[in-house]
Amino acid sequence: MRLRMKGGPYKLRWRAKELSLALIVLVCITILIWTWDKSPTLTSTLTSKNQLQLPPDIKTVPVDSKRHVKEDISTLTRSEAVNNKGEHHVDKTHSTGIAKSSSDFETVSIQKKEEAIKHKHSPKREKTGVIESGPSSTEIEETNNVILGGKFPEQEEKRMEHQACDYRKGKWVIDDSRPLYSGLGCKQWLASMWACRMMQRQDFAFENLRWQPKDCELEEFEGPKFLERMQNRTLAFVGDSLGRQQFQSLMCMITAGKESPDVLDVGPEFGLVIPPGGKRPNGWAYRFPSTNTTVLYYWSSTLCDLEALKPEDPQTEYAMHLDRPPAFLRDFLHRIDVLVLNSGHHWNRGKLRANKWIMYVGGEPNTNRKIADMGSAKNFTIHSTIKWLNSQLPKHPHLKAFYRSLSPRHFVNGDWNTGGSCNNTTPMSIGKEVLQEESSDLGAASAVRGTGIKLLDITALSQVRDEGHISRFSITASPGVQDCLHWCLPGVPDTWNEILFALI
């Protein structure tokens, strides 16, 4: 008994020490846990196995917390696209992690609009960048719709794709389905002097070339579709003989070169009749009764007003009013829905002398030396006519107006009257692309800039078609004189009309 009492105090002291030690350990653990929870520095130094790891093929896009969900898509398309095609497993905490941290990185499936348009309109119609089905694709697609403010309506997509298409860039490709009409037919509309199939030319490979824009497809021209689009409307070409070629080309394209006795000659409605003592009218106008569509051409090689100084004199001179548009436009603009203007090759001293034209400005003979030379006079006139036309657009909201750029000449070793030729039968365009950003016709581009008149830019794509001219096979030229200005039809002007068709 005495022995147990004797050992009691030591045993109690040992247990007290154990209790104190346990209490100290408990307090330390509590402090450590509290510190861990409150210190981001300590937490960031440790790697958690439960933390979301992005697959290596998925790129991250920083999310701006100030970005509005309906921000313009042109800004969003500059972001990197997420390629989720090869990886479908996504941690279930993915969406939670995004929701908790808007300031961190967020994965967003944004396909570049440029790529989508390119593949959608590529000739092969390949489907690319398609998100596979499965839970991960659903989550990413939902995120994409939130960021972009929902899917684009079909009409809006088509509008954006149309605006993105630059018809000037592209290349000529061989297409056995061409031409759009026969060069041996279409005698109702096509002048024999431009129908190369009816000449001594033997190579006709130039008829099988089609213009292929770089990032889109050119809408296939169909006569019935054109007439439907132009129902109850009038299309007018006003310009020189290249404008007349475009007019005849379009008439052949609409009718596929077939005889069309139902088409009405309505030239008299527009004053297009053969004048007394004349050989032909100043233009032609035809109407398709099925859709009440009118297509016409008016000859105005310089796009300015011509006025006989002595109307009673057959040898009269003409005032060439550089600051006044053709009277035909002033009189009939209200009846025109689509207008295509062109000018260029008649601006030379030889033409002025032959036609007895005298430059006038302000109703008087021109005395301004700055516009006395032919190049300056041409630019002054085109700018003046375009400015006038632009002022008329508010009065005619139905009107779509185009200025067609210069059709290139391909004379080699001289001009038309000095032995110049264009004997090449292999187009220089084979294997080449037209990729320039600016128009080759700087004067035309300058004239329409800042106006409501659109540039129908055909210069560069026509420049690489030197083999398409009438050349030495002309049936109207003098011996030894080649036509390296006008085109064989069917031919290059058909493409001008295809582009015009796409634009209207």
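Modeller: This is a predicted model, in which local features need pLDDT of at least 70, side-chain atom pairs count only at pLDDT 80 or more, and totals for chains, interfaces and linings use all residues. Residues are numbered from 1 along each chain as its sequence is written, and side-chain values use heavy atoms, with hydrogens and water left out.

Colleague: In which loop is Asn232 placed?

Modeller: Asn232 is not a glycine, yet it has a positive phi of about 60 degrees. Helices (H or I, at least four residues) and strands (E, at least two) are DSSP runs, numbered from the N terminus. On that basis, Asn232 is placed in the loop between α8 (223-229) and β5 (234-239).

Colleague: What is the relative accessibility of Ala256?

Modeller: Ala256 lies in the loop between α9 (241-255) and β6 (264-265), and has a positive phi of about 55 degrees although it is not a glycine. Buried means under 20% relative accessible area, exposed over 50%, and partly exposed in between (1.4 Å probe, protein chains only). Ala256 counts as partly exposed, with a relative accessibility of 37%.

Colleague: What is omega for the cis peptide bond that joins Arg178 and Pro179?

Modeller: Most peptide bonds are trans. Pro179 is found in the loop between β3 (170-174) and β4 (209-213). The cis bond joining Arg178 and Pro179 has an omega of about 5 degrees.

Colleague: Which residue does a cis peptide bond join to Leu489?

Modeller: The loop concerned runs between β17 (483-487) and α15 (492-503). With omega at about 0 degrees, the cis bond joins Leu489 to Pro490.
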